[in-house]
Amino acid sequence: DNTIRIWAEGTNTETHEEIGILGGHTDVVRCLTIHENKLYSGGLNNTIRIWNTETHEEIGILGGHTDSVWCLTIHENKLYSGSCDNTIRIWNTETHEEIGILRGHTESVYCLTLHGNTIYSGSCDKTIRIWNTETHEEIAILRGHTYYVWCVAIHENKLYSGSCDKTIRIWNTETYEEIATLEGHSSSVSCLAIHENKLYSGSGD
C-alpha cells in the first residue's frame with residue numbers, strides 16, 4: 001500500500017500496537033534503514049525519503065536515482081543507496097546532499113553490505129563489486145554466480161552471497177577468492193542471516 005507502518009514494541013503480543021503510518025511514497029517501499037533519529041526509506045518511485053523517528057514527520061526527499069531504489073545502508077555519516085539504474089549513490093546524512101556515485105555495475109544493484117571501510121554490492125549483472133568507502137574506488141569484482149545476486153552478508157573474513165542461480169557462494173574478504181559453493185536450494189536464494197556459527201538462507205523453494 002506504499003506506506004511505512006510503525007508498531008510499538010511490547011513484551012507480549014497484546015502490546016504490539018500500530019502507532020503511526022508514514023505516507024509519501026507513491027509506489028512500493030522496498031528498503032529501510034535507521035541512523036540516529038532518522039529513518040530512510042527507498043522505493044520503486046526512485047526516491048529516498050527521510051523521516052524523523054520521534055515526530056514521524058517527513059524531513060527530506062533524496063532525488064537522483066532514475067529507477068527504483070532497492071537497498072540502503074549507512075556507514076558513519078554516509079548513506080549508500082543501490083538502484084535499478086545500475087548505480088550506488090552516496091549521500092551525506094547531515095546535509096542530505098549527494099556526494100558521490102559508484103558506477104560499474106551494468107544492471108540493477110539489489111543488495112549492499114558494509115564491513116569496515118569496504119562496501120559490497122550485488123547486482124543483476126551476476127557480480128559482486130567491492131568499493132572503498134573513503135576513496136569511493138572500486139577494489140575488486142567477484143565473478144562466479146550465473147544469475148542475479150540477490151543478497152550478501154558478512155561474517156568475520158567471509159562474504160556470503162545468495163543468487164537466483166540457487167546457490168550461496170562464500171568468498172574470502174582478504175584475497176577475494178571463492179572458497180566454497182553451497183548447493184541445496186531448488187529456487188532463488190533471496191535472503192541470508194548469520195548468527196554465531198550458523199548461516200540461515202531463505203529461498204523461493
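**Figure 1. Aromatic cluster of Trp-70, Tyr-110, Tyr-147, Tyr-148 and Trp-150.** In this predicted model, ring pairs join Trp-70, Tyr-110, Tyr-147, Tyr-148 and Trp-150 into a cluster. The number of aromatic pairs comes to five. Tyr-110 belongs to strand S11 (residues 109-115), while Tyr-148 sits in the loop between strand S14 (138-143) and strand S15 (149-155), so the pair ties together parts that are 38 residues apart in sequence. Tyr-110 counts as buried because its relative accessibility, 14%, falls under 20%. Tyr-148, at 26% relative accessibility, is partly exposed.

**Figure 2. Stacked rings of Tyr-110 and Trp-150.** Tyr-110 also pairs with Trp-150, and here the arrangement is stacked, with the ring centres 4.5 Å apart and an angle of 15 degrees between the planes. The pair links distant parts of the chain, since Tyr-110 is in strand S11 and Trp-150 is in strand S15, 40 residues apart. Trp-150 is partly exposed, with a relative accessibility of 22%. Tyr-110, in contrast, is buried at 14%.

Figure 3. Asn-172 is found in strand S17, which covers residues 167-172. Is Asn-172 buried or exposed? With a relative accessibility of 17%, Asn-172 counts as buried. When residues up to four places away in sequence are set aside, Asn-172 touches Asn-157, Glu-177 and Ile-179. A further distance in this view is that between Asn-172 and Leu-159: the two residues are 13 apart in sequence, and their C-alpha atoms are 6.5 Å apart in space.

Figure 4. Ile-21 is part of strand S2, which runs over residues 18-23. The relative accessible area of Ile-21 is 44%, and the residue is therefore partly exposed. Apart from its neighbours within four places in sequence, Ile-21 is in contact with Thr-3, Ile-4 and Arg-5.

Figure 5. Asn-2 has a phi near 70 degrees, a positive value in a residue other than glycine. This residue lies in the segment before strand S1 (3-7), and with 27% relative accessibility Asn-2 is partly exposed. Asn-86 likewise has a positive phi, near 80 degrees, and is a residue other than glycine. Asn-86 is placed in the loop between strand S8 (78-83) and strand S9 (88-92). At 23% relative accessibility, Asn-86 counts as partly exposed.

Figure 6. The chain contains 20 strands and zero helices. Its C-alpha trace spans about 45 × 40 × 30 Å along the principal axes. The radius of gyration is 17 Å, which agrees with the value near 17 Å that a compact globule of 205 residues would have. Buried residues account for 47% of the 205 residues. Of the contacts between residues at least 6 apart in sequence, 33% join residues at least 24 apart. The chain exposes about 10,300 Å², and carbon and sulfur atoms supply 43% of this area. Its charged side chains comprise 14 positive and 29 negative ones, and the centres of the two sets are 7 Å apart.

Key
Residues are numbered from 1 along each chain as its sequence is written. Side-chain values use heavy atoms; hydrogens and water are left out. Helices (H or I, at least four residues) and strands (E, at least two) are DSSP runs, numbered from the N terminus. The radius of gyration is taken over C-alpha atoms; the globule rule is 2.2 Å times the number of residues to the power 0.38. Buried means under 20% relative accessible area, exposed over 50%, partly exposed in between (1.4 Å probe, protein chains only). Contact means heavy atoms within 4.5 Å. Accessible areas come from the Shrake-Rupley method with a 1.4 Å probe; for residues, only the protein chains shown count as cover. Lys and Arg count as positive and Asp and Glu as negative; His and the chain ends are not counted. The place of a charge is taken as NZ of Lys, CZ of Arg, CG of Asp or CD of Glu. Rings of Phe, Tyr and Trp (its six-membered ring) pair if their centres lie within 6.5 Å; planes under 30 degrees apart count as stacked, over 60 as edge-to-face and the rest as tilted.
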